[in-house]
Each structure stands twice: as C-alpha cells, then as structure tokens.
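Subject: A structure for you to look at

Hello,

Here is the structure I promised to pass on to you. Have it open while you read, and I will walk you through what turned up.

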Amino acid sequence: MLKSGEICRLCTKSDNNTISLIDNGRDCGISLSEKLKEISQIEIGPEDGMPITVCPECVEQLNLAYHFVSQCRKSQEWFSEFRKRNCAEEARKTEGCPKKKNRYSQFICELCGKIYQDRSSLSIHLRHHTGETPFRCHCGKTFSVLGNLKSHMKIHSGIKEFMCERCGQEFTTRASLKCHERLHSGERPFSCRSCARTFSSKSNLSTHEKFIHHGLKPYPCSQCTKAFTTTSDLRNHSRSHSGEKPYQCDVCQKSFSLASNASAHRKIHIGDRSFQCEMCKKKFLTRAALKIHTRTHTGEKIFSCTVCEKSFSHRNSLAAHLICHSGASGGSRRTFECSVCKKKYTRSSSLQAHRKKHEEV
C-alpha cells in the first residue's frame with residue numbers, strides 16, 4: 001500500500017523522492033503550496049486528508065509556471081505605469097507647457113523607455129529584451145555585442161593584460177579584474193530587490209534571482225537528473241561526469257575542474273587570507289570558507305535531511321549523513337577504513353579523528 005508521502009499531489013504518480021509542498025521553499029520567502037495557490041487558486045494543507053508532497057518533475061513545472069505568471073503580472077504593471085507616464089506627458093504638451101526638444105527622443109525603447117543617441121545603439125539594446133546573440137565564438141558561445149565577443153576571444157588566446165596588485169592573479173579583461181578586486185575589498189554593490197542580499201557582480205545577482213526567487217533551471221544534464229540555471233553551471237557540473245580538470249595551478253601543477261577552486265588554491269601558495277572572522281579573528285582564503293566557519297559561532301544549520309529532518313551546518317555533513325538512509329548493505333556505507341585496526345567509517349573526517357587515537361598511544 002502506498003504511503004501518502006510517496007504520491008505526487010499534482011500528477012498522482014508514486015515517487016520515493018517526493019518533496020513537501022508546504023515546507024519546501026520557505027527559506028526563499030514562499031513555499032511551493034503558496035506558489036500553487038497563486039497560479040491555480042488550489043489551497044493545500046495537512047488537514048485536507050490528501051497528499052501534501054510533489055515529485056521533482058512537477059516541482060520544476062510548478063516553478064516555471066509561477067515564474068511565467070509572475071513575469072506576466074510584472075509586465076502588465078510596467079506597461080500600465082508606462083502608459084500613465086505617456087498620457088501625463090501628452091497632457092502636459094496639450095496644456096502648452098514648454099518642453100526642451102530632445103533630438104534623440106526618436107530612439108526610445110518601447111519596452112523599457114530608455115533613450116539612445118542613434119538607431120544602432122537602440123538595436124543593440126533591444127537584444128537584451130529579445131535574447132538575440134548574433135555574434136558566435138568558435139567554441140559555441142554567443143554574444144549580443146561584438147565587443148563582448150572580442151573580450152571573450154582573449155580567453156582562447158591566453159592573453160591576460162590585467163593583473164591584480166594584491167594577489168598577482170591575471171585577467172583577460174579590465175571588467176574581470178574589477179570584479180575580482182571586490183573579493184579583496186569586500187565591496188558588493190549589486191543588491192537583490194527581493195531579499196536584499198548583495199553580490200560583487202551583476203551576473204551573480206542575475207543567477208541568484210533566477211535560481212532562488214524564480215526557480216528557473218532551464219539547462220538539464222544529459223547524464224543525470226540535475227538541472228541548472230546557466231550554461232556555465234551545466235558545463236562545470238558536466239566535468240563531474242567526465243573527470244575533466246582544465247584549470248591547473250602554475251606553482252604545483254595541481255588541476256581543478258572549476259576556475260574558482262583553482263583560484264582559491266593559488267592563495268595557499270601566496271598566503272593571501274583576506275577574509276577574517278569578526279568573532280574569533282581567524283582568517284580564511286575564501287569568503288565561502290569564512291561563511292561556513294561563521295556557522296560554528298552562530299549554530300546555524302541550514303542543510304536539512306528530507307528523511308529524518310536532522311539539520312547540519314555544512315553541506316558535506318548532510319551528504320555524509322544521507323548515506324545512512326541509502327539502505328546499501330542493510331545500513332550505512334562505511335568506505336573509510338583505518339589501516340591500523342581496520343575499523344570503518346562513513347566519513348573521512350571521522351577516520352582522521354580516529355587515527356589520532358593511534359598516534360597518541
């Protein structure tokens with residue numbers, strides 16, 4: 001007999017990986033059940049006697065539908081406001097109020113109201129609305145502006161003209177260097193309008209909005225069930241299947257699958273620990289490492305097990321814990337073995353702690 005927690009409320013299929021409609025998404029400000037009510041007027045609650053879970057496929061469809069409806073409403077609000085402004089402008093002209101003539105006023109974007117000096121600038125701007133990317137690199141990546149393609153081509157040429165004065169890392173464009181320098185200064189000038197979270201680059205803000213608030217993951221992996229918000233995220237993930245590690249440390253020749261991991265690794269050689277904990281003054285190589293460390297002071301546990309609801313402060317701790325629920329060999333998979341006493345553990349950190357007991361003897 002199927003349990004209610006194994007049945008999808010939206011497609012009625014049975015699935016062992018169902019997700020709670022009520023609890024999931026609350027960390028983003030709105031649960032899946034609230035999204036469903038917003039677009040379909042269907043209310044779901046634990047008291048209605050029906051399943052309150054949904055399968056991963058329906059979660060993706062629900063997020064896409066919610067984003068589409070939200071976008072339609074935002075567009076309607078924008079056009080209504082734009083129409084009001086135009087009506088007010090026409091009324092002002094009719095009243096005979098003096099208005100300084102703008103010789104560029106004919107090149108106005110009808111979608112957002114921005115004014116441009118010439119028709120070509122307007123045409124380039126319109127590509128942001130249409131998504132048109134006519135300039136293609138031989139690697140397959142496309143761009144809306146020729147200048148962006150030229151900057152991108154420097155990646156293939158290996159030319160890095162711009163160097164960070166603090167850590168010596170080199171970059172192909174001035175914009176990339178400026179974005180990198182914010183890691184040292186801590187500057188985060190781009191704010192999310194939905195949750196007030198700040199970012200060091202506009203691209204990171206855009207990714208955050210799509211992933212967290214809109215739930216968009218339009219790029220699925222062809223080798224597993226995961227999906228991603230950007231092609232670069234998908235490309236990085238694909239390396240976990242292929243084993244490709246194209247980023248090499250120029251000091252010790254160690255290779256990495258992600259450029260960010262290679263960059264963080266280089267700081268080990270130069271000793272750059274720019275991120276300091278305000279509570280204990282301990283310094284770290286990356287902002288991510290500092291963020292993880294801070295949870296040891298706050299006690300924050302943001303990673304929850306969907307099986308037993310146990311919470312963890314680190315993602316790796318949750319992943320290790322989930323092995324206990326995998327059912328492999330009748331229990332947890334103990335893959336880390338002590339070379340001295342042959343005792344096995346599910347986590348490498350537990351094995352390392354155990355080895356110290358032998359060293360103390």
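This is a predicted model: local features need pLDDT of at least 70, side-chain atom pairs count only at pLDDT 80 or more; totals for chains, interfaces and linings use all residues.

Another cysteine to find is C305, which counts as buried at 3% relative accessibility. How far is the sulfur of C305 from the closest cysteine sulfur? That neighbour is in C308, and the distance is 3.8 Å, which is too far for a bond. As a reminder, a disulfide is a covalent bond between the sulfur atoms of two cysteines. The cut-off used here is 2.5 Å between the two sulfur atoms, and a search of the whole structure finds zero disulfides.

Now for the whole protein. It has eleven helices and 18 strands. Of its 361 residues, 25% count as buried. The protein exposes about 25,000 Å², with carbon and sulfur atoms supplying 50% of that area. If you take the contacts between residues at least 6 apart in sequence, 21% of them join residues at least 24 apart.

Next, the cores. The largest nonpolar core is made of ten residues: C8, L21, L32, L36, I44, V54, C55, C58, V59 and L62. Helix 1 (32-40) and helix 2 (56-94) are the elements that each give two or more residues to this core, and helix 2 has the largest share, with three residues.

Finally, have a look at helix 6, which covers residues 202-213. Its twelve residues reach 16 Å from the first C-alpha to the last, close to the 16 Å expected at 1.5 Å a residue. Which residues of helix 6 are buried? They are L205, H208 and H213. Seen down the helix axis, the buried residues of helix 6 fall within an arc of 70°, so they line one face of the helix. The buried residues of helix 6 pack against strand 7 (190-191) and strand 8 (198-199). Just after the helix, G215 takes a positive phi of about 70°.

Happy exploring, and do write back with any questions!

Best wishes

Technical notes
Residues are numbered from 1 along each chain as its sequence is written. Side-chain values use heavy atoms; hydrogens and water are left out. A nonpolar core is a set of buried Ala, Val, Leu, Ile, Met, Phe, Trp, Tyr and Cys residues joined through side-chain atoms within 4.5 Å. Buried means under 20% relative accessible area, exposed over 50%, partly exposed in between (1.4 Å probe, protein chains only). Helices (H or I, at least four residues) and strands (E, at least two) are DSSP runs, numbered from the N terminus. Contact means heavy atoms within 4.5 Å. Accessible areas come from the Shrake-Rupley method with a 1.4 Å probe; for residues, only the protein chains shown count as cover. The expected span of a helix is 1.5 Å times one less than its number of residues. The arc is that of the directions from the helix axis to the C-beta atoms.
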